[in-house]
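Please walk me through this structure in the viewer. Tell me what to select at each stop and what is there.

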Amino acid sequence: MAPVNIQSQDYRDLLDIIDKLRSQGLTQYVHLPEIVVCGDQSAGKSSVLEAISGLSFPTKDNLCTRFATELVLRRHPTRQVTVSITPHHSRSDADKARLAAFTADVDPLDPDLGPVVEAAKTAMGLSDDTKAARVFSNDVLRVELSGPEQQHLTLVDLPGLFRAGNSEQSVDEAAVVRDLVVDYMRRPRSILLVVIAASNDFANQEVTTFSRDHDPQGRRTLGLITKPDKLDRGSESEQAFLRLAANKDVVLQLGWHVLKNRSYEMRHASSAARDADEARFFAEGAWATATDINRAHLGVDALRVRLSNVLRDQILTQLPNLLQDVEALLQDCRQRLDRLGDPRGTAREQRHYLTRISLAFSNLLAEAVSGTYANTAFFGDAQTDEGYAKRLRAVVQNTLTQFAARMRTQGHARAIVSDAEAAKAASAAGAKNKGTSKTHNNVVVGRSDYVDEVMLLITRSRGRELPGTFNPLIVGDLFHQQCTPWPALAQDCVDAVLEAVQRVIQAALQFTAVADTAGRVARRCIQPVMDELKQDVAAELANILAPHLESHPITYNHYLTDNVQKARNERQRAQLAEALEKAFNSSSNTYVDKNIVKTTLFDRLAQNVEADMNRLASLDAIDYMEAYFKVAMKDFVDDVSKLVVERRLLQKLPSLFTPETIFDITDEDVAHLAGETSEAVAERAGLLEKKATLESGLRELRRLDKYRTPGVDDGILGAADDGPDDDDADDRTEDEASSASEFANGENGPEEEPAPASSDDGLPRAVLVARDWSVEREDQDAEPEQAVVAKPEWPSEVPREALFVLVCPSSLYVVAFKAVTTSPASQQV
């Protein structure tokens with residue numbers, strides 16, 4: 001990030017843009033970078049703001065302010081105080097206009113906010129009566145103070161936290177204040193300026209609990225210790241707060257700061273007198289001798305600079321994410337407005353709206369069915385469950401694949417296996433009857449047992465066939481028994497596809513139309529058509545099931561005979577293997593006569609010839625049934641996919657709700673479908689307001705982008721646009737040069753001796769204030785090769801190894817680097 005000069009016009013523009021976004025109401029949609037001042041009552045919060053700004057704040061110890069106050073400080077030659085109220089977005093239009101017109105006169109030479117706060121309470125409708133209906137407000141009092149001594153800074157002061165009530169504030173109000181403070185603290189882009197009074201034990205201050213709850217890592221909290229003069233010198237309490245200020249107890253990434261508040265005796269003293277008293281305090285005692293406390297972390301002068309630096313860095317750091325959030329919200333807003341469509345009060349407008357919805361709906365379903373998924377805004381990310389559910393073709397393909405797999409494993413009523421496998425399955429299942437068990441909801445039966453069943457069926461179904469053959473109807477009976485799981489499996493598949501279709505239809509309607517219209521269109525136009533499609537699907541499924549469940553087997557697929565021959569060959573192969581094994585095992589002699597083996601083998605094969613003609617017929621019938629089952633199952637899976645799912649359902653989805661449908665609807669029905677409810681009218685008005693705010697905010701945020709500089713990861717050391725000429729550099733203001741030198745010292749405040757100094761790693765520091773500098777490199781993506789300092793104010797004695805801080809105020813950039821110098825006279829590093 002480019003360290004913009006905190007006293008430059010650029011930095012003022014930076015803060016003004018953020019303040020403008022806040023005043024325009026962008027905070028109701030996205031959180032902006034800000035510094036929120038929070039603390040318990042009597043922690044000295046008002047005195048802190050008074051010391052920073054010079055304004056006189058109401059400082060009653062036990063009285064809670066009723067609203068947040070935005071304090072805007074800007075450096076300007078003319079002293080001026082401007083007061084206004086930023087209404088909360090929940091206010092009515094009349095209240096917004098009334099509060100936006102609020103103003104108050106404040107003497108810029110002696111600014112006192114007491115009367116202003118009372119006037120603001122009245123304007124907001126607040127009452128001091130603890131029993132009143134409205135005692136707190138979400139409106140924000142905005143006070144802008146300009147002057148030649150002011151620092152460019154914006155703070156949001158929150159009401160002080162308290163627990164106990166009194167005559168002016170009740171215990172119930174404590175919870176309201178807590179909710180208001182926590183709402184600001186939980187915002188991820190807020191910097192928390194947590195005010196801790198040294199006069200009270202750290203653990204007893206409620207704000208510390210809330211800050212740790214909402215910033216547990218301490219990354220965006222800056223601790224501020226007040227009232228250090230209330231500590232007894234040398235006491236354990238003083239030592240505890242010294243450790244706290246040194247960031248050694250409660251460690252915060254932004255560290256701690258210490259401020260001495262006005263004493264009661266100095267309540268009427270000038271700001272200069274107050275600052276001088278503070279300086280004397282920190283020049284004495286333990287605060288002066290503590291070596292582990294940075295001197296730039298003491299006093300209001302350093303605090304102003306430090307807060308400006310923190311706010312600047314937070315704005316520039318959060319800018320990329322802020323831009324992304326606003327762009328995402330704007331895109332969502334536009335999509336919701338597209339779903340609402342144009343205002344539709346007439347029949348023509350309503351019919352046009354329905355036509356647009358139907359066209360968008362049909363296109364989405366066509367993409368979902370075809371598997372193109374071109375509309376990424378609707379289909380989203382396929383890796384998410386939501387995105388996958390909208391990809392209908394993918395869901396259907398996977399569903400049909402699972403259906404085919406289930407048909408292979410669960411599509412037969414009885415799994416016919418070898419006797420050994422059946423016995424093993426029965427033993428594992430603990431079945432009582434040998435050869436029977438279940439797998440995949442199918443009965444497992446051994447082939448021998450099944451052959452016996454078929455023999456009985458052949459015997460009882462005899463016709464005029466010869467012995468050793470079987471009645472052809474036997475194959476049909478066996479097949480009908482085997483395919484009984486098909487209807488349930490097919491219905492499960494169709495139901496899963498229909499459920500996926502309904503999800504996509506609902507998602508497409510919700511994407512293209514508002515909720516009310518989507519619901520009415522679904523009930524009036526789409527659901528009746530879907531009911532007809534479901535009936536067509538059910539009828540088609542019944543049609544393709546009927547031949548398998550009721551008719552005799554029919555096929556002219558040559559795979560039938562192929563499968564039969566394979567079954568017979570496998571059975572013969574098994575018989576041959578058994579005969580060979582017995583033939584060779586019958587002789588114990590080492591030498592085996594081949595004539596003996598041949599004779600033995602022939603004898604074994606002759607013994608394997610099936611003499612029972614009924615059993616032979618049963619084996620052939622089973623072979624034909626199993627062969628036909630394989631052919632029919634493949635045909636059935638394809639028929640369900642092509643004829644039921646594809647032809648009767650998917651191909652008809654894009655025409656569910658087409659623009660042609662709208663032409664046949666009466667004006668009365670059109671008004672019922674597309675007429676706007678009062679809620680829709682209010683939603684459109686709110687979205688239009690939100691869209692205008694976000695678009696305006698986006699333009700302003702893009703103006704901020706010029707203050708960002710790519711980091712080291714981008715291969716850029718730091719660069720200005722082109723950099724000013726030498727003559728222009730000589731015209732920089734004293735404030736700019738002074739601020740740049742302060743930044744170069746490595747702290748947030750001025751140092752008595754700018755150079756040489758000591759860095760945190762113990763190396764000497766050399767400060768180079770350059771008029772200009774450049775980086776030579778081969779191309780835009782290359783690493784920097786050489787940084788040349790042009791006419792620097794070089795220290796008289798430069799150590800060989802040092803931490804160099806190169807400051808270029810004219811370009812508003814600072815570069816810190818560790819280097820070894822070889823020739824100080826060459827003026828180069």
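**First stop: helix 8**

Select Asp-277, which is buried, with a relative accessible area of 17%; buried means under 20% relative accessible area, exposed over 50%, and partly exposed in between (1.4 Å probe, protein chains only). The model is predicted, so local features need pLDDT of at least 70 and side-chain atom pairs count only at pLDDT 80 or more, while totals for chains, interfaces and linings use all residues. Residues are numbered from 1 along each chain as its sequence is written, and side-chain values use heavy atoms, with hydrogens and water left out.

A salt bridge here is a side-chain nitrogen of Lys or Arg within 4 Å of a carboxyl oxygen of Asp or Glu. Lys-260 sits in the loop between strand 8 (256-259) and helix 8 (271-282), and Asp-277 in helix 8, 17 residues apart. Helices (H or I, at least four residues) and strands (E, at least two) are DSSP runs, numbered from the N terminus. Lys-260 is buried too, at a relative accessible area of 7%.

Which residues of helix 8 are buried? They are Arg-274, Asp-275, Asp-277, Glu-278, Phe-281 and Phe-282. Seen down the axis of helix 8, these buried residues fall within an arc of 160°, so they line one face of the helix; the arc is that of the directions from the helix axis to the C-beta atoms. They pack against helix 2 (45-53), strand 8, helix 9 (285-289) and helix 10, where contact means heavy atoms within 4.5 Å.

Select residues 678-704, which are helix 25. At 1.5 Å a residue its 27 residues should span 39 Å, and the end C-alpha atoms are 39 Å apart, which agrees; the expected span is 1.5 Å times one less than the number of residues. Among the buried residues of helix 25 are Ala-680, Arg-684, Leu-687 and Leu-704. What covers the buried residues of this helix includes helix 1 (9-23) and helix 10 (300-340).

Next, show Glu-327 and Arg-702, a salt bridge with its closest N and O atoms 3.3 Å apart. The pair links distant parts of the chain, with Glu-327 in helix 10 and Arg-702 in helix 25, 375 residues apart. Glu-327 counts as partly exposed, at 35% relative accessibility.

Glu-149 lies in the loop between strand 4 (140-147) and strand 5 (153-157) and Arg-79 in the loop between strand 2 (68-75) and strand 3 (80-86), so the pair ties together parts that are 70 residues apart in sequence. Arg-79 is partly exposed, with a relative accessible area of 39%.

**Last stop: aromatic rings**

Select Phe-361 and Phe-657, an edge-to-face aromatic pair at 6.4 Å centre to centre, with 65° between the planes. Rings of Phe, Tyr and Trp (its six-membered ring) pair if their centres lie within 6.5 Å; planes under 30 degrees apart count as stacked, over 60 as edge-to-face and the rest as tilted. Both Phe-361 and Phe-657 are buried. The whole structure holds 13 aromatic pairs.
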